[in-house]
Amino acid sequence: MSEESQRFCDLGEEHLRREEPEEALQWYERAIEEDPQNPEAWSGRAKACYHLGQLERADRYFRRAQRYLEPRLHERPRRRGWWSDESGRSFLRLLHWRALCKFWMGLYDDAARLFRRILKLAPSDPLEVRFLLGETFFRMGDLDRAIREFEQADGDPDACYNLGLTWFYKGEFARSVGAFRRGIFENLHLAARLAELESPPSLPSYRGTHPKELDTEDAAFEYSDRCGDLWAGRPLLRDWLRGIIEHPIVRDDLRRHIEHLRSLGEQELSPGEAARIEGSNATLRDPDRLARTDVEVAADVMRQVFRLPTTDAGV
């Protein structure tokens, strides 16, 4: 890569960070003029197009970047993980961007193929694509494969909520309750948004219980932006989730969860006391503990949502 091409790429990247894709596009195009086989320039050009909503162009440019990057992969040390060196990471990121383009264009077969390739090369899922693969299978109507992927992305609120949806459509209502209860713990803002309820005021966040910081309002908005179509125009889903949230057993768990988070946010808390509360919170959210009451919660919510007589509320 020429120095001038690299300089233009750096300027393009700076504009992308500022959320100025049109300006970024101009710099990446200049970088390509300087070095037509620069994969970083083609990838940057593709990212700018992606953020401008030009998905077909973005995918085409990502494929060009991949073409110029692949010969360099032969120089990678053998028997090293793909995430262990810059060339491998760049290649995985290109596949990720291409998969996102396919996903948003509704080309779910292609998106699934690319997501699966990423996971084959990097089974530890450093790019956190497993929940997206699950969502892709869900949108393809392959519910069993969606469930397998969502269950392996345990702890990701997006996966938990979509797993709850998938079990609901499978008619496995107790399992749907269990998935949604885990999702509610992971992001209560999202539960309130989807169920059209008010979020608790000044809901605290704590890295010890949510290390990926996916319990925030911003994370809830991102899910709604990507998956809102799965819920829109489906009041039955809203009522199902609302019934779970408002069930006395779930309400009591959430009260205790919020108390834990508020206690953990106190600055004068000793390390020993913090560890004790974190342990109590982990026990509270334990799936095996929740499973002991999932059937009861599901039966009660089914009677409420489907207006079933008491004797007909089988799960």
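**Reading a helical chain**

Guide: Among contacts (heavy atoms within 4.5 Å) between residues at least 6 apart in sequence, 60% join residues at least 24 apart. Keep in mind that this is a predicted model: local features need pLDDT of at least 70, side-chain atom pairs count only at pLDDT 80 or more, and totals for chains, interfaces and linings use all residues. Residues are numbered from 1 along each chain as its sequence is written, and side-chain values use heavy atoms, with hydrogens and water left out.

Visitor: How many helices and strands does the chain have?

Guide: Helices (H or I, at least four residues) and strands (E, at least two) are DSSP runs, numbered from the N terminus. Here you get 16 helices and 0 strands.

Visitor: Is glutamate 149 buried or exposed?

Guide: Buried means under 20% relative accessible area, exposed over 50%, and partly exposed in between (1.4 Å probe, protein chains only). Glutamate 149 is buried, because its relative accessible area is 12%. This residue lies in helix 8, residues 143–152. Of the 315 residues in the chain, 48% count as buried.

Visitor: Which residues is glutamate 149 in contact with, leaving aside its neighbours within four places in sequence?

Guide: Those are Leu119, Arg130, Leu133, Gly134 and Phe137.

Visitor: And what about aspartate 218: buried or exposed?

Guide: Aspartate 218 has a relative accessible area of 58%, so it counts as exposed. Look for aspartate 218 in helix 12, which covers residues 217–227.

Visitor: How big a box do the C-alpha atoms fill?

Guide: Taken along the principal axes, the box is roughly 70 × 50 × 40 Å.
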